[in-house]
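This report describes strands, salt bridges and a surface patch in one protein model. Please look at the sequence and the structure before reading on.

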Amino acid sequence: MAAGDVTTAHPERVDCVLDAQYPYFYLSENTSLINPGLSTWTGMVTAARGKLQMQVPWTAERVHVVTEIYPGEPDDVIEAYDDVIEFGYSSATGLAAVLDWSQTLAGPVDLLPGDHRLRYHVRDLSREAVEPGAESAVAAEALIQLWPAKLGEKEELRITGALGNFWHPGARLRNVWNGL
């Protein structure tokens with residue numbers, strides 16, 4: 001990703017398009033790789049203190065990533081996405097960044113240090129019609145919403161896409177048992 005690919009960056013919103021040679025990107029307070037031995041849980045997001053590896057659909061070559069910071073819980077846009085999970089995130093420094101798979105800076109994310117809730121939304125666009133002649137089409141969208149809140153457990157708010165069902169198969173099985 002070239003530095004010019006960042007379309008908008010300010011404390012409340014970071015909007016960028018990332019190359020997805022590998023199907024993930026990072027939200028990190030430093031640029032070191034996540035140590036798998038320290039992860040607290042895994043799924044669509046692998047988490048360690050101050051570091052998150054966010055999975056995207058493996059079919060995506062480019063991913064539109066939007067990070068939004070709110071003073072309180074944001075409006076619900078869950079139905080617009082295939083898969084959505086929410087969890088507690090503790091920021092040690094308040095100085096995070098979105099990095100692509102190669103750890104290239106895509107945009108700074110200014111938080112207040114402390115505890116937050118993070119809602120991660122993913123939508124696979126590969127099934128949607130693409131304009132003829134469109135180069136390097138975005139094949140997935142990811143939305144990260146953060147707001148100050150007490151830490152809490154991970155919640156699967158919506159799991160309907162292939163990515164979510166791969167990483168969170170329990171949601172599919174619960175739906176079968178509940179007759180959904």
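The text below covers the strands first, then the salt bridges, then the surface patch.

The model is predicted, so local features need pLDDT of at least 70 and side-chain atom pairs count only at pLDDT 80 or more, while totals for chains, interfaces and linings use all residues. Residues are numbered from 1 along each chain as its sequence is written, and side-chain values use heavy atoms, with hydrogens and water left out.

**Strands and their pairing**

Helices (H or I, at least four residues) and strands (E, at least two) are DSSP runs, numbered from the N terminus. Two strands pair if DSSP finds at least two bridges between them. In general, strands of a sheet pair through backbone hydrogen bonds, either parallel or antiparallel.

An open sheet is formed by 5 strands in the order β4-β5-β3-β8-β9, with antiparallel pairing. Its edge strands, β4 (45-48) and β9 (105-110), each pair on one side only. From one strand to the next, the twist averages 15°; angles run from 0 to 180 degrees between N-to-C directions, and axes are lines fitted to C-alpha atoms, for helices over the stretch in contact. Between β4 and strand β5 (residues 51-55) there are 4 bridges in the antiparallel sense. Thr46 stands opposite Gln53 in β5.

Strand β6 takes part in pairing of both senses. It runs antiparallel to β2, to which 7 bridges join it, and it pairs with β11 in the parallel sense over 7 bridges. Val66 stands opposite Leu143 in β11. How many of the residues of β6 are buried? The count is 7 of its 8 residues, so β6 is mostly covered, where buried means under 20% relative accessible area, exposed over 50% and partly exposed in between (1.4 Å probe, protein chains only).

**Salt bridges**

A salt bridge is a side-chain nitrogen of Lys or Arg within 4 Å of a carboxyl oxygen of Asp or Glu. By this rule the count comes to 9 salt bridges. The table gives some of them.

| Pair | N to O distance |
|---|---|
| Asp19 and Arg62 | 2.6 Å |
| Glu86 and Arg119 | 2.6 Å |
| Arg123 and Glu141 | 2.2 Å |

Asp19 forms a salt bridge with Arg62. Because Asp19 lies in strand β2 (residues 13-19) and Arg62 in strand β6 (residues 62-69), this pair ties together parts that are 43 residues apart in sequence. Arg62 is also the bridge partner of Asp19 in β6. Asp19 is partly exposed, with a relative accessible area of 28%, whereas Arg62 is buried at 15%.

Glu86 forms a salt bridge with Arg119. Glu86 is in strand β7 (residues 83-91) and Arg119 in strand β10 (residues 114-124), 33 residues apart, and the pair links distant parts of the chain. Both Glu86 and Arg119 are buried. They also belong to a network of salt bridges that links Glu73, Glu86, Arg117, Arg119 and Glu155.

The side chains of Arg123 and Glu141 meet in a salt bridge. Arg123 lies in strand β10 and Glu141 in strand β11 (residues 140-148), so the pair ties together parts that are 18 residues apart in sequence. Arg123 counts as buried because its relative accessibility is 19%.

**A nonpolar surface patch**

Trp58, Phe166 and Trp167 form a nonpolar patch on the surface, with about 360 Å² of accessible area together. Patches are made of residues with over 30% relative accessible area and no salt bridge, with like charges joined within 9 Å and nonpolar side chains (Val, Leu, Ile, Met, Phe, Trp, Tyr) within 5 Å. Accessible areas come from the Shrake-Rupley method with a 1.4 Å probe, and for residues only the protein chains shown count as cover. Trp167 is found in helix α1 (residues 162-167), and at 30% relative accessibility Trp167 counts as partly exposed.
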